[in-house]
Amino acid sequence: MTGTPAPFTADDYQARMERAARAAADAGLAGVLVAPGPDLVWLTGYAPPAATERLTLLVLAAGQDPVLVVPTLEAPDAEKAAGAPALTLRDWTDGKDPYATTAPLLDAAGRFGVSDNAWALHLLGLQKALPGTSYVSLTEGLPMLRAVKDAAELERLAAAGEAADATYEEILKVSFAGRRESEVAGDLADLLRRFGHSQVDFTVVGSGPNGANPHHEAGERVIENGDMVVLDFGGLKHGYGSDTSRTVHVGEPSAEERRVHDVVREAQEAAFRAVRPGIACQDVDRVARAHITEAGYGDRFIHRTGHGIGVTTHEPPYMIEGEEQPLVPGMCFSVEPGIYLPGRFGVRIEDIVTVTEDGGRRLNNTSREMAVVH
């Protein structure tokens, strides 16, 4: 496994904040308002100690220094953040109006991008203090803000992918038949942590008919000989995401099960080979979908082909019809076509892929052939 990467510096965070402010200006926005969550961590390295009703807000705008508004009692923690030297802290005390503290930092008639997970309480408070302002979510206003990764981010994503691959190789050694889905899911979570994940986001184990539900929560069904089993798991390592899916079979599969698996594997390969700079996100989806449709299973491919990944395991860009955003080197996203036969079984195969200067590179490299487990 790869070693621990060097931490991000104040200069890294300063560059990200400047990039965000420029992107906002280019999009016709007065600035960016960032509440606690993945955007704040990515921009500043700061994660407040716990979810709180007290306002914490990063204010970014072209031509002005970044300011982080924080409750006074949390200011000492904010000062320790890696990105703190690149911004100004402005604190407010309990009993005071935090929106009165924040309002002078904003254009009173501006339209701002606001992080998706900002509390309605705080957004309404700002609107009351500054009735001339308006707001748009970052996913709508700046969907590509975190989409293009630099070399240090790609290093972390590759390490997370390597850890997920190691997890898959190990799970093939455990017993499936006679055990509950939840037990195998627990094995997956333990393995992800063993290989360096600090956070496990999901461990889907869909056996037999449960595999026909793409987001099946691992339950108490006992896995049986003859089951197809969809495994989809991931989380965060070094602050960046992993997400991979493989479909295994308990005992020897039938000819139909092999055929369905082959169709999905071929669709996944074709979609991966389509990845290159300049094509639209929807083109990746179209390639996978066309192959599955040609094989007669088009109505059984019921989700998008992929989603972006970074400091969260699901983020823009999305590989789906209607998304015309062109691929850019450094983008990272999943390629995960599937076929789902209700009441019977499902198949999904997923890798994280990054766009290179002339194509794509997989960050998951385990075999995509159907594995037979016991």
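Mentor: The structure holds zero disulfides, a disulfide being a pair of cysteine sulfur atoms within 2.5 Å. This is a predicted model, in which local features need pLDDT of at least 70 and side-chain atom pairs count only at pLDDT 80 or more, while totals for chains, interfaces and linings use all residues. Residues are numbered from 1 along each chain as its sequence is written, and side-chain values use heavy atoms, with hydrogens and water left out.

Trainee: Is Cys281 buried or exposed?

Mentor: Buried means under 20% relative accessible area, exposed over 50%, and partly exposed in between, with a 1.4 Å probe and protein chains only. Cys281, at 0% relative accessibility, is buried; Cys332, at 1%, is buried as well.

Trainee: How many residues has the largest nonpolar core?

Mentor: In soluble globular proteins, nonpolar side chains tend to be buried together. A nonpolar core is a set of buried Ala, Val, Leu, Ile, Met, Phe, Trp, Tyr and Cys residues joined through side-chain atoms within 4.5 Å. The largest one here has 34 residues, and Leu43, Leu58 and Leu68 have the most contacts inside it. Apart from this core lies another, of 28 residues, including Cys281 and Phe333.
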